[in-house]
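Keep the 3D view open as you read.

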Amino acid sequence: WLDAKGVAYTVIEQDKATGKCRDSAAERGVSLKQIVKSLVFADPEGRFVHCLLPGHLQVDEKKLAAVAGGECTMLESDALLETTGARVGEVHPFVRGVTRRLLDRRVTLNSVVSFNTGDMTKGLVVELAGFMKALEGQVSVHDIARGEDGEEVDDLAAELGVPRHDAKFLLETEGALGYYTAWLLE
């Protein structure tokens, strides 16, 4: 897929198979935040929603429901294999069988990202611009993830270049982040 889009990448042959993001990051020599985790959910209509997010975060089910139009359910291993042809830990950003791809906005904070190839002993490292080019027309960017307590605040503060207390206010005050972002873009 990357070759067809003219995207340069580096193949990392891992010493051992990895199914966890933390292990994959260590094997590939990248940070956990640079790992692109792939999770597949079924939306209320039974369509398959592919969520792509940094390896250190989890899907926030409330945020996902707001974007997907209702509560979503993560696919169990048998349904995942039947739908995508991939087992748990083998799902990559370009897996087949999904209706919609959602990319968490925090992935775009990296200059380089890494993901698996469907083979748990190989990973790819790609510049963000190339990754986005390969996903062009197939993905929309949203805020669909959450971190550990305080991690989301730290990430937003770094992203916006604001003090931590301001980032916390923006996250905790309904509508404030959207208003602030729109104000920045004016």
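Predicted model: local features only at pLDDT ≥ 70, side-chain atom pairs only at ≥ 80, totals over all residues.

Five strands form an open sheet with mixed pairing, and their order across it is β5-β2-β3-β6-β9. The edges belong to β5 (73–74) and β9 (139–142); each has a single partner strand, so one side of each is left without a neighbour in the sheet.

Next, turn to the helix that packs on this sheet: α2, residues 61–68. Helix α2 touches β2, β3, β6 (100–104) and β9, and its direction makes about 135 degrees with that of β6.

Strand β2 covers residues 36–42 and strand β3 residues 48–54; the two run antiparallel and are joined by seven bridges. To find your place in this pair, look for Phe41, which stands opposite Val49 in β3.

With the sheet and helix in view, we can move on to the charged side chains. How many salt bridges does a search of the whole structure find? The search gives four. One of them links the side chains of Asp43 and Arg47, with 2.9 Å from N to O. The two partners can be told apart by their accessibility. Asp43 has a relative accessibility of 7% and counts as buried, because the cut-off for buried is under 20%. Arg47, at 40%, counts as partly exposed.

Lys63 lies in helix α2, while Asp143 lies in the loop between β9 and β10 (145–146), so the pair ties together parts that are 80 residues apart in sequence. Asp143 itself is partly exposed, with a relative accessible area of 23%.

Asp143 also forms a salt bridge with Arg106, and in this pair the closest N and O atoms are 2.9 Å apart. Arg106 lies in the loop between β6 and β7 (112–116) and Asp143 in the loop between β9 and β10, so this pair ties together parts that are 37 residues apart in sequence. Is Arg106 buried or exposed? Arg106 is buried, with a relative accessible area of 4%.

Methods. Residues numbered from 1 in each chain as written. Heavy atoms only, no water. Pairing = 2+ DSSP bridges. Helix = DSSP H or I, 4+ residues; strand = E, 2+ residues; numbered from the N terminus. Contact = heavy atoms within 4.5 Å. Axes fitted to C-alpha atoms, helices over the stretch in contact; angles between N-to-C directions. Buried < 20%, exposed > 50% of the residue type's maximum accessible area, 1.4 Å probe, protein only.
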